[in-house]
Amino acid sequence: LKEVAEIPDEEADIHFVSQHFFLFEPSGSRVQRIVKIEELEREWPRIAEETGLPTTLPKRNQSQRTKADVEIGEKEMDLIKGRYAKDFEAFEYAKQ
């Protein structure tokens, strides 16, 4: 985690690049709208209408798990918050 946190977005593997960089950098916004995953079900009818997609939100690859098996400590959370600070700000997630 520490190694990933130290790699700038420009040099990072695509799986570790911040969403902010992926969506907005370096040439401006690449998207028309951003919908948070926790708001997707509520927003889907409008998205479907605007795009012509099916009105029922498809659910694929659903996990039966309700909680991850990994505990994240304070040190690790600080690394995550530092590495993805622009994401927390841009997408209005609290950095508690």
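I count a residue as buried when its relative accessible area is under 20%, and as exposed when it is over 50%. The model I am working on is predicted.

**Helix α3**

I looked up burial along α3 first. E43, W44, I47 and A48 are buried there. Seen down the axis of α3, these buried residues fall within an arc of 150°, so they line one face of the helix. I recalled that an α-helix has 3.6 residues a turn, so residues three or four places apart point the same way. I then checked the face turned away from the buried side. R42, E49 and E50 sit on that face, and they are exposed.

Next I checked the span of α3, residues 40–51. A straight helix of 12 residues would span 16 Å at 1.5 Å a residue. The end C-alpha atoms of α3 are only 14 Å apart.

**Backbone angles**

Which residue just after α3 takes a positive phi? I found G52, at about 80°. E92 also has a positive phi, of about 55°, and is not a glycine. Most residues other than glycine have a negative phi. I placed E92 in the segment after α5. Its relative accessibility is 68%, so E92 counts as exposed.

**Largest pocket**

I turned to the pockets. The largest has a volume of about 210 Å³. Its lining consists of Q19, L23, V31, R33, I34, V35, K36, D87, F88, F91 and Y93. Which helices each supply at least two of the lining residues? I noted α2 (19–24) and α5 (85–90). By class, I logged seven nonpolar, one polar and three charged residues in the lining.

Key
Residues numbered from 1 in each chain as written. Predicted model: local features only at pLDDT ≥ 70, side-chain atom pairs only at ≥ 80, totals over all residues. Heavy atoms only, no water. 1 Å grid on protein atoms, 1.4 Å probe; cavity = no way out; pocket = protein on both sides within 12 Å on 5 of 7 lines; lining within 4 Å. Points joined across faces, edges and corners; volume = space filled by probe spheres on them. Helix = DSSP H or I, 4+ residues; strand = E, 2+ residues; numbered from the N terminus. Nonpolar A, V, L, I, M, F, W, Y, C, P; charged D, E, K, R; others polar. Expected span 1.5 Å × (residues − 1). Buried < 20%, exposed > 50% of the residue type's maximum accessible area, 1.4 Å probe, protein only. Arc of directions from axis to C-beta.
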